[in-house]
Amino acid sequence: YNFTDLQTALNKEGAVVNIKDNIVFEDKQLYVNAKNVTINGNGYTFNLNETNTKNKFMVRGSGLTVNNLTIEGYTSSGMYIYTGKDITLTSVNLNGKDNKSSLVGIDTDSASITIENVSTKNHKFSGIRLRKNSTITYNGGNNHTDDKQIECVEDGGNNQVINNISD
């Protein structure tokens with residue numbers, strides 16, 4: 001996939017996208033608006049190629065599943081999940097820039113996400129930020145290096161953290 005083909009694929013409800021190479025984002029935002037989309041990263045990287053503070057990987061659709069993907073090259077957030085429900089991230093690495101100029105790994109706004117084996121590092125504020133009635137469920141194996149693990153912003157909503165770790 002190149003960037004344009006990726007955007008087209010992610011606009012189809014129920015799409016299963018198998019990444020076969022690293023993808024460098026163009027000077028555009030990638031939107032996932034369709035429902036029940038799966039991104040199988042297969043160990044490859046999305047380099048957001050972000051030089052300003054504009055979010056470039058935006059999730060609005062519900063039922064998104066992302067597996068085995070690295071996200072890097074951003075200054076704002078690696079993933080901005082706005083109103084997306086039932087989002088599942090498994091084996092996803094969010095690597096902020098080395099000098100901690102990246103703000104947040106996963107930024108949620110009125111969203112619900114489940115994470116397992118997710119790692120974040122090098123973020124100015126936190127690996128994960130919950131805002132406006134967001135919910136996160138932890139299912140174990142998560143690692144946050146040089147990051148405050150989670151930040152709950154009180155902005156008129158009640159955020160919820162559910163910890164399903166049994167190990």
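Strands here are DSSP runs of E with at least two residues, and helices are runs of H or I with at least four, both numbered from the N terminus. The model is a predicted one, so to speak of local features takes a pLDDT of at least 70, side-chain atom pairs count only at pLDDT 80 or more, and totals for chains, interfaces and linings use all residues. Residues are numbered from 1 along each chain as its sequence is written, and side-chain values use heavy atoms, with hydrogens and water left out.

Asparagine 68 sits in strand 7 (residues 65-72). Although not a glycine, asparagine 68 has a positive phi of about 50°. Most residues other than glycine have a negative phi. Asparagine 68 is partly exposed at 37% relative accessibility; that label covers the range between buried (under 20% relative accessible area) and exposed (over 50%), using a 1.4 Å probe and protein chains only. Serine 91, in strand 9 (residues 87-95), is no glycine either, yet has a positive phi of about 55°. Its relative accessible area is 28%, again partly exposed.

Six strands, in the order 3-6-8-10-13-16, form an open sheet with parallel pairing. Strand 3 (30-32) and strand 16 (150-152) are the edges, each pairing on one side only. Two strands pair if DSSP finds at least two bridges between them; strand 8 (residues 77-82) and strand 10 (residues 102-109) run parallel and are joined by 5 bridges. Methionine 79 faces isoleucine 106 of strand 10.

Asparagine 133 lies in the loop between strand 13 (123-131) and strand 14 (135-138), and is partly exposed at 44% relative accessible area.
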